[in-house]
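Hello,

I am passing a structure on to you, and I would be glad if you kept it open while you read the notes that follow.

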Amino acid sequence: MARVLKNKELVNTKLAANYGGWMYCTECGENIGYLCYQTYDSLNLNYECKCGSKGSAVIDFDDSKTGIECDKELITIKNRFCCSDDNEPLITLLDKKLAHYDLKITCKSCGNSYKKVQ
């Protein structure tokens, strides 16, 4: 069943689908990552693309819950950042395309909210 978006604010960012899939910088058109459709509950991403463009993505849903601040690190499995509790893939960010980023993402299944700065 499709989820109902509550907030979707994209700045200089394009998604391949409504709330997931490949992510692109609208300034240069480069692929900057992949957002897993089914496994995240909310996303707050700010980044600077290597082309110099600054972008962001804020997405949550009508049924999103307040995340539980988690001190654990996201784990990396096959270049995807995954929940450290259940190994659910959440997002891939391509370091070779991004100068830096500030990520906060919440896992839908366990509610852990992760932060990562690069």
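Strand β6 is mostly covered, with 6 of its 8 residues buried, where buried stands for under 20% relative accessible area; please bear in mind throughout that this is a predicted model.

Strands of a sheet pair through backbone hydrogen bonds, either parallel or antiparallel. Here β6 belongs to an open sheet of 6 strands with mixed pairing, in which the order is β1-β6-β5-β11-β12-β7. The edges of that sheet are β1 (5–11) and β7 (68–69), and because each has a single partner strand, one side of each is left without a neighbour in the sheet.

On one side, β6 runs antiparallel to β1, to which 6 bridges join it, and there Phe-61 of β6 is the bridge partner of Leu-5. With β5 (residues 40–49), β6 (residues 54–61) also pairs in the antiparallel sense, this time over 7 bridges; Leu-43 stands opposite Ile-59 of β6, while Leu-45 has Ala-57 of β6 as its bridge partner. The hairpin of β5 and β6 has 4 residues between the strands, and in this hairpin Gly-52 takes a positive phi near 105°.

The largest pocket holds about 210 Å³ of space. Two or more residues of the lining come from each of β5, β6 and β11 (98–107), and by class the lining has 8 polar, 4 nonpolar and 4 charged residues.

With best wishes

How values were computed:
Residues numbered from 1 in each chain as written. Predicted model: local features only at pLDDT ≥ 70, side-chain atom pairs only at ≥ 80, totals over all residues. Heavy atoms only, no water. Pairing = 2+ DSSP bridges. 1 Å grid on protein atoms, 1.4 Å probe; cavity = no way out; pocket = protein on both sides within 12 Å on 5 of 7 lines; lining within 4 Å. Points joined across faces, edges and corners; volume = space filled by probe spheres on them. Nonpolar A, V, L, I, M, F, W, Y, C, P; charged D, E, K, R; others polar. Buried < 20%, exposed > 50% of the residue type's maximum accessible area, 1.4 Å probe, protein only.
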